[in-house]
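I opened my notebook to look up a few contacts in one structure. Here is what I worked from.

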Amino acid sequence: FLKDKQRRCQCCGDTAEAGARMVVDHIKPIRLFWDERINPLNLQILCNDCNMGKGSHDQTDWSIPQTLPTA
């Protein structure tokens, strides 16, 4: 999966070339959605820092551009 994607964090934009450790993240946590563990639509590239901060409680799909709420 990593070889087929840009080696850029889909959350913060950090790169392996800049020294970030890149990991494959499960959008829906596998402890709750075991059947989705190898579904490519449930995988995204994150840097290790974003992945650790996300934990298993956040199911944000960072491959979809996020919009900020307007005031």
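My entries follow, one topic at a time.

**Ground rules.** I am reading a predicted model, where local features need pLDDT of at least 70, side-chain atom pairs count only at pLDDT 80 or more, and totals for chains, interfaces and linings use all residues. I number residues from 1 along each chain as its sequence is written, and side-chain values use heavy atoms, with hydrogens and water left out.

**Salt bridge.** How many salt bridges does a search of the whole structure find? I got one. My cut-off was a side-chain nitrogen of Lys or Arg within 4 Å of a carboxyl oxygen of Asp or Glu. Asp25 pairs with Lys54, and their closest N and O atoms are 3.1 Å apart. Asp25 lies in strand S1 and Lys54 in helix H1 (residues 48-54), so the bridge ties together parts that are 29 residues apart in sequence. I took helices (H or I, at least four residues) and strands (E, at least two) as DSSP runs, numbered from the N terminus.

Next I asked: is Asp25 buried or exposed? Asp25 is buried, at 5% relative accessibility. Lys54 is buried too, with a relative accessible area of 5%. Buried means under 20% relative accessible area, exposed over 50%, and partly exposed in between (1.4 Å probe, protein chains only).

**Gln44.** I found Gln44 in strand S2. Gln44 counts as buried because its relative accessibility is 0%. Its side chain reaches the backbone nitrogen of Trp62 at 2.7 Å. I also listed what Gln44 touches (heavy atoms within 4.5 Å). Leaving out residues up to four places away in sequence, its contacts include Asp25, Lys54 and Trp62.

**Asn42.** Asn42 sits in the loop between strand S1 (22-26) and strand S2 (43-47). Asn42 is buried, with a relative accessible area of 3%. Beyond four places in sequence, Asn42 touches Asp25, His26, Ile27, Lys28 and Glu36.

**Core.** Which residues make up the largest nonpolar core? I noted seven: Cys9, Ala20, Met22, Ile45, Leu46, Cys47 and Cys50. S2 gives the most to this core, with three residues. Such a core is a set of buried Ala, Val, Leu, Ile, Met, Phe, Trp, Tyr and Cys residues joined through side-chain atoms within 4.5 Å. Not counting residues up to four places away in sequence, Cys47 touches Cys9, Ala20 and Met22, among others.

**Ring.** Last, I checked Lys28. Its charged end sits over the ring of Phe33, 5.4 Å from the ring centre. The rule wants NZ of Lys or CZ of Arg within 6 Å of the ring centre and within 35 degrees of the ring normal.

Technical notes: A polar contact is a pair of N or O atoms within 3.5 Å; within protein, one must be able to donate a hydrogen and the other to accept it, and residues adjacent in sequence count only if both atoms are side-chain atoms.
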